[in-house]
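Reader: I have a structure to learn from today. Can we go through it one question at a time?

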Amino acid sequence: LERTLSIIKPDAVEKNHAGAILARLEAEGFTVKAMKRIHLTRNEAEGFYEEHRGRGFFDELCAFMSRSPIIVLALEREDAVARYREVIGATDPGKAAEGTIRKLYGASVGENAAHGSDKTSTAAREIAYFFAGYEVS
Ligand code: ATP
């Protein structure tokens, strides 16, 4: 089994869509190995998205991610990284497939409801960014 980091982003938490998104992920076969609700500081958001520093949307992205609380999850299933990315859909909700989480709950490329690790190697680093070893069962 593989793990991935999932973030239910501020827009989705603000709109009370977190429960629906979590239920969908469980229905898709993901098991919650760790979960918490946190309000990132601007610095913590910048640290998480360090690889995007210098890109045009970096400031907007970090302001958005630190605007209000997020829910962070470590999820496990077979082929978790790729399957999770299928379930959330394309980065731009307008281009995401019907029925995907970003199509259902995202508003724009910036406010797109969910984050997922892009590959297995980044998943381990992303999970370790948010959870201490004892918090992940
Ligand atoms: P994520 O890493 O959140 O799963 P992704 O891998 O689909 O998203 P990336 O290209 O890695 O997309 O971009 C990271 C995040 O930055 C996106 O989820 C989105 O919220 C934001 N982003 C990307 N492009 C733009 C843009 N042009 N304007 C505003 N925000 C953007």
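Reader: Which element gives the most to the lining of the largest pocket?

Author: Keep in mind that this is a predicted model. Two elements, α4 and β4, each supply at least two residues of that lining. One of them gives three residues, and that is the most. The element is α4.

Reader: Where is the ligand, in terms of pockets?

Author: The ligand takes up a space in the protein model, and that space is a pocket. Two elements give two or more residues to the shell around the ligand: α4 (58-65) and β4 (114-116). The pocket with the ligand is the largest pocket.

Reader: How many residues of the shell around the ligand are polar?

Author: The shell holds 14 residues, and Lys-9, Arg-85, Thr-91, Asn-112 and His-115 come nearest to the ligand. Four residues of the shell are nonpolar, and four are charged. The polar ones number six.

Reader: Which residue has a polar side-chain atom 2.9 Å from an oxygen atom of the ligand?

Author: Look at the polar contacts, with N or O atoms within 3.5 Å. Lys-9 has a side-chain N or O atom 3.0 Å from a ligand oxygen. Val-109 uses a polar backbone atom, 3.2 Å from a ligand oxygen. The side chain at 2.9 Å belongs to His-115.

Reader: What percentage of the ligand's accessible area does the protein cover?

Author: Start with the ligand on its own. Its accessible area is then 570 Å². The share of this area that the protein covers is 80%.

How values were computed. Residues are numbered from 1 along each chain as its sequence is written. This is a predicted model: local features need pLDDT of at least 70, side-chain atom pairs count only at pLDDT 80 or more; totals for chains, interfaces and linings use all residues. Side-chain values use heavy atoms; hydrogens and water are left out. A residue is near a molecule or strand if one of its heavy atoms lies within 4 Å of it. A polar contact is a pair of N or O atoms within 3.5 Å; within protein, one must be able to donate a hydrogen and the other to accept it, and residues adjacent in sequence count only if both atoms are side-chain atoms. Accessible areas come from the Shrake-Rupley method with a 1.4 Å probe; for residues, only the protein chains shown count as cover. On a 1 Å grid over the protein atoms alone, a cavity is a set of points where a 1.4 Å probe fits but cannot get out, and a pocket is an open set with protein on both sides within 12 Å along at least five of seven lines; lining residues have an atom within 4 Å of a point. A molecule sits in a cavity or pocket if more than half of its atoms lie within 2 Å of its grid points. Helices (H or I, at least four residues) and strands (E, at least two) are DSSP runs, numbered from the N terminus. Ala, Val, Leu, Ile, Met, Phe, Trp, Tyr, Cys and Pro count as nonpolar, Asp, Glu, Lys and Arg as charged, and the others, Gly among them, as polar.
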